[in-house]
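Here is a short report on one protein model. Take a look at the structure before reading on.

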Amino acid sequence: MSLEALLLGLSLLFLLSILAGKASSRFGVPALLLFLLVGMLCGSDGLGFQFDNTYIAQTIGTVALCIILFAGGMDTKIAEIRPVLAQGLMLATVGVVLTSVITGFLVWWILGFTMQSAAVGLLTSLLLAGTMSSTDSASVFAVLRTKGLRLTNNLRPMLELESGSNDPMAYILVLVFMDLLKAGTAPVWWQVLGMVLMQLCVGVVAGFAFGKLAVWAVNRIKIDNASLYPILVLTFCIFIFSATYFMRGNGYLAVYIGGLVIGNSSLQHKRSTIGFFNGLTWLCQLLMFLTLGLLVNPHELLDVWAPGLIISFVMIFVSRPASVFLCLLPFRAMPFRDKVYVAWCGLRGAVPIIFAIMPLAAGIPQARFIFNIVFLCTLVSLLVQGTSLSQMAKWLKLDDRTARLRELEDFDVDFSDEIKSVTTEITVTDSVLERGCHLMDLGLPDKTLVVMVKRHKKYFVPTGKTVLHAGDKLLIITDDHEALMETYKSVRIDADTK
């Protein structure tokens, strides 16, 4: 295939995926699921595009996951996760182990009476369960953030902390089970425990140290071209992952910690860097899910549909809830319905599929069978859990009904996180002008300023005597959310419509 034909095919795939992502927000289907389906549609059983290179798929998935975790760390505020740090870390470590063990034994039992011909042993079942033992950060970040889902009781920071930090434990479990299958001997458990502790400790220390180094370097290096600062941060992201690997630590944990340090530090061109990574993250998700969709042979899923569906629902309704409730047992102040929602948010996505590629690349017996089961379980999870997160939050009365800030559409401005203010825009209506047509007639609170007006295609800075017209767009800055609510009330605008 010529380079031009390859680029044309990739551009068409990307276009289809972007259109699928747009459709997802309209019909409530996770965009990542549609990315997978586009890849499957264009694969060997669809339009005939042949792709079976597990090494390339694993490489793409590893790099993409590295960037997704780093960006997730940058976008996480320490002040938000501090109240739920213990719960999140418990779910990310003990919860992953419990999910793997419970699911592994159940898989062994399920396959024993549904597919006796598969001859899957307990260790292989544990490996299969280990690949699916962590919630997928790409799926959780994408579903919670793109749907604009606001949850009470700090649930969203806890779920994002869990999904961003539990991949390392699942990765270690997969490596351990693979080594045991290849060795064929009884494990030396103290050595296994030592390897796990070393991976986690080195990952945390390396992520923190390299994150501080990145902040120091970005703030000290003077670059004439400001657009290179996001590239510099991306370079540190790749460096943190690879350097931690050679230090025998867990690179996935290190990049998440490094992103957390960088995102919560004062950084030159921070907003443009975060914007760069937001776009890059979506590109990585798109490329990763497309690649994984191309890798699977859909006709092979028909051979495992019965055990795959049973295992999927066992994970959704048995092993995930059991591990969540056991991990959160010490936190008795946490409401029951919060625990139910956390259990329901055990989304599977690209990470389990990437981990399932590892046995394929290593030549583990029955690796293709494991891959197909994991792929099918991921589809079910995204379809069942991913489409119902918003509705489940409403049923459990966990959706935060306070007014949501409207995204700036008419004013292309941004402010640093260090500026503790709330920025939004409102549209002037006839009801707003009932008290008078001058800006001073609106009776805005003292903490609220109108800093700019858009009228048709022109922008100008207003004064108190500025005459407002219906249809004008006002750029509003207030001190905090309470001041914003007071502003809405004073101008007689419903908070839900802005």
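Helices H15 and H16 cross with a right-handed sense. The contact draws on both helices. H15 supplies Ile316, Phe317, Arg320, Pro321, Val324 and Phe325. H16 supplies Phe336, Lys339, Val340, Val342, Ala343 and Trp344. Bear in mind that this is a predicted model.

How is such a pair described? Two packed helices are characterised by the angle between their axes and by the distance between those axes. H15 covers residues 305–327 and H16 covers residues 336–344. Their axes lie 9 Å apart, at an angle of about 130°. That angle falls between 115 and 145 degrees, so H15 and H16 are oblique to each other.

**The whole chain**

The protein has 498 residues, and 53% of them count as buried. Its secondary structure comprises 20 helices and 4 strands. The accessible surface comes to about 22,800 Å². Carbon and sulfur atoms account for 65% of that surface. Which part of the contacts links residues 24 or more positions apart? Among contacts with a separation of 6 or more, the share is 82%.

**Helix H9**

H9 runs through residues 167–183, a stretch of 17 residues. From first C-alpha to last, H9 reaches 24 Å. That is close to the 24 Å expected at 1.5 Å a residue.

Is H9 enclosed or open? In H9, 12 of the 17 residues are buried, so the helix is largely enclosed by the rest of the structure.

Most residues other than glycine have a negative phi. Lys397 and His456 have positive values. The table sets them side by side.

| Residue | Phi | Loop location | Relative accessibility |
|---|---|---|---|
| Lys397 | about 55° | between H19 (389–395) and E1 (422–427) | 62% |

Buried or exposed: which applies to Lys397? The cut-off for exposed is over 50%, so Lys397 at 62% counts as exposed.

Conventions
Residues are numbered from 1 along each chain as its sequence is written. This is a predicted model: local features need pLDDT of at least 70, side-chain atom pairs count only at pLDDT 80 or more; totals for chains, interfaces and linings use all residues. Side-chain values use heavy atoms; hydrogens and water are left out. Helices (H or I, at least four residues) and strands (E, at least two) are DSSP runs, numbered from the N terminus. Buried means under 20% relative accessible area, exposed over 50%, partly exposed in between (1.4 Å probe, protein chains only). The expected span of a helix is 1.5 Å times one less than its number of residues. Contact means heavy atoms within 4.5 Å. Accessible areas come from the Shrake-Rupley method with a 1.4 Å probe; for residues, only the protein chains shown count as cover. Axes are lines fitted to C-alpha atoms, for helices over the stretch in contact, and angles run from 0 to 180 degrees between N-to-C directions. Angles under 35 degrees count as roughly parallel, over 145 as roughly antiparallel, 65 to 115 as roughly perpendicular and the rest as oblique. A crossing is left-handed if the near helix is turned anticlockwise from the far one by less than a right angle, and right-handed if clockwise.
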